[in-house]
Amino acid sequence: MNIALKAKSRLQCKIPIHDRAAEQSCLALLQSCNSLPKLAQIHSRILKLGLLNNPLVLTKFTATSSDLNAIDYATSVIFSPESDTLLYDTFLFNTIIRAYAQINNLKTNSIECYNLMLEYGVSPNKFTYPFVLKACAGIGDLNLGKSVHGAVLKFQFGDDIHVQNTLVHMYGSCEGGIELGRKVFDEMSERDSVSWSAMIGGYARLGLSTDAIDLFRQMQISGVCPDEITMVTVLSACTDLGALEVGKWVESFIEKQMVNRSVGLCNALIDMFAKCGDVDKALKLFRSMNGRTIVSWTSVIAGLAMHGRGLEAVALFEEMLEAGVPPDDVAFVGLLSACSHCGLVDKGREYFDSMKNDFGIIPKIEHYGCMVDMLCRSGRVKEAHEFIQKMPIEANPIIWRTLISACCARGELKLAESITKRLIGNEPMHESNYVLLSHIYAKLLRWEKKTKIREVMDKRGMKKIPGSTLIELDNEIYEFVCGDKSHHQSKEIYEMLDEMGRKMKKAGYVPTTSEVLLDINEEDKEDALNKHSEKLAIAFALLKTPPGTPIRIVKNLRVCNDCHSATKFISKIYNREIVVRDRHRFHHFKDGSCSCRDFW
């Protein structure tokens, strides 16, 4: 219900004195209330005893309603026409504000109640604003958050550490607010683990994972001991960056500091190891867990799928069923992805059908996307197109782009062109659609049309996302982009690139110059390929690490055909295991081969 009712005129009146025994009786009943029917009975008793306007009883009634997920019922009582809101106090309003702030789709009601509180002339206290700011964070409205921050300063609660912590959290949850959150954080006279966690969490949510890890290191220097929430957030940042060594250090820190290893923290560790390239460690942690949740199972299933170990992922899913753990829709995404990566098309179809038939799970767009990816990877492009056309829900652009990429790889360029033009019509400001069409024209050698597409992008202010590669060495994260010369060892890196090129060609490597979608000669194309970000990162790793040491890199885009081929040669020539995480999966290169089933 809309609780922003018109404020009643505040008249001078005496607060009626209620029978203390009746009050205590209702409070005791509310304390033990555990169902809505009982709550309704207590409501009747409150009316009968004339306690409808008793703030203490109403506050407890509201708290109990909140525990039973019935806060709307409480507010319908509290703001009923018979209620005398002149008697309501800060604690009652705080209880309502807090209840609504905890419910995802009702956080705006929390703000309405706060505004009503001010309208009634009830003064907020230092406990009011953490609840209000939590609601602002959930809504994600930066201007609203700034307005509440202004009220915090007006009522002089700006120095309270709990209010400051929720201000940092609020700004970190609103688009464009992270710098304001950092300003609040930097100006705090004292900080506890919650303060650091809020700021680190803000960075991690925005994908500023390097900043999150840097701040965590500052936290160690400051002497503040992180809690479980901090560790989960830092592990999330490690996962995003693929920073395995930092993740390992976090695990050892957890053991050393005896941080509580909750199921949530164990799941975060499993997810980190799986997505940072050490799925065997993730599996080992999973096996050592006592209380596994569906998240534990799905993290390992998805991790195995990413590493191309589809048969193991399928076996673990079957083990989960035997253990009596019912799968959810997320588990099926991991399972279907596993079938896709290891070419189990028929098995994937069976699992897709069993979602609804055996488990009553209606397939979502993600599941349909897995099926399209599965068909495309197996070369069944036309079948994938027919599957999309028969889907009961409309395909999203991601599915269409999956099909377009497969069309380009399989030579179905006319189909790719028509689909991409339709996508541009639906998403005229999405740069990746123009990039795809530009690539198609380049493959068709229609350079004039390719140039026009680029001109349209420039005119509309759209830029192609540059390929970049991250590598972690000695607890530092280094990033390379194509043709990068910003590193202080750039000269040595390019010398290593030249050496790699000579040795690869001697071993039989032939550059895939068709990957260079520019109207230039073959020599220039080879030079362009040689400067790809993953080759730069690998060259840097070869320079900085001892012989035989595994190399792990993370790429923001899909690895191109040429880099995939080149990395096979590099792994054999230099006797290195090279683990590459791209946008879709892991590639494990060793002795001149890759773990992936195929590459398109």
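Me: In which helix is the place of leucine 316?
Reply: The model is predicted, so local features need pLDDT of at least 70, side-chain atom pairs count only at pLDDT 80 or more, and totals for chains, interfaces and linings use all residues. Residues are numbered from 1 along each chain as its sequence is written, and side-chain values use heavy atoms, with hydrogens and water left out. Helices are DSSP runs of H or I, at least four residues, and strands are E runs of at least two, numbered from the N terminus. Leucine 316 sits within residues 310–322, helix H18.

Me: Is leucine 316 buried or exposed?
Reply: Buried means under 20% relative accessible area, exposed over 50%, and partly exposed in between, with a 1.4 Å probe and protein chains only. At 3% relative accessibility, leucine 316 is buried.

Me: Which residues is leucine 316 in contact with, leaving aside its neighbours within four places in sequence?
Reply: Contact means heavy atoms within 4.5 Å. On that basis, the partners of leucine 316 are Phe286, Arg287, Trp297, Val300, Ile301 and Leu304.

Me: With which side chain does that of threonine 128 make a polar contact?
Reply: Threonine 128 is in helix H7, residues 128–139, and is buried at 0% relative accessible area. A polar contact is a pair of N or O atoms within 3.5 Å; within protein, one must be able to donate a hydrogen and the other to accept it, and residues adjacent in sequence count only if both atoms are side-chain atoms. Leaving aside neighbours within four places in sequence, threonine 128 is in contact with Thr90, Asn94, Ile97, Tyr114 and Met117. The polar contact, at 2.6 Å, is with the side chain of asparagine 94.

Me: Which residues does glutamate 417 touch, not counting those up to four places away in sequence?
Reply: Glutamate 417 lies in helix H24, residues 413–426. It is buried, at 7% relative accessibility. Its partners are Leu437, Ile440, Tyr441, Leu444 and Arg446.

Me: How many disulfides does the structure hold?
Reply: A disulfide is a pair of cysteine sulfur atoms within 2.5 Å. For cysteine 174, the nearest cysteine sulfur is that of cysteine 136, 7.2 Å away. For cysteine 407, the nearest is that of cysteine 408, 6.9 Å away. The number of disulfides is 0.

Me: What is the relative accessibility of cysteine 407?
Reply: Cysteine 174 is buried, with a relative accessible area of 1%. Cysteine 407 also counts as buried. Its relative accessibility is 0%.

Me: Which helix gives the largest share of the lining of the second largest pocket?
Reply: On a 1 Å grid over the protein atoms alone, a pocket is an open set of points where a 1.4 Å probe fits, with protein on both sides within 12 Å along at least five of seven lines; lining residues have an atom within 4 Å of a point. The second largest pocket is lined by 20 residues, with His169, Val194, Ser197, Ala198 and Ile229 nearest its centre. Helices H9 (161–173), H11 (193–205) and H13 (228–241) each give two or more residues to this lining. The largest share, 7 residues, comes from H11.

Me: How many helices and strands does the chain have?
Reply: The chain has 600 residues, of which 50% count as buried. Its C-alpha atoms fill a box of roughly 95 × 55 × 55 Å along the principal axes. The secondary structure comes to 30 helices and 6 strands.
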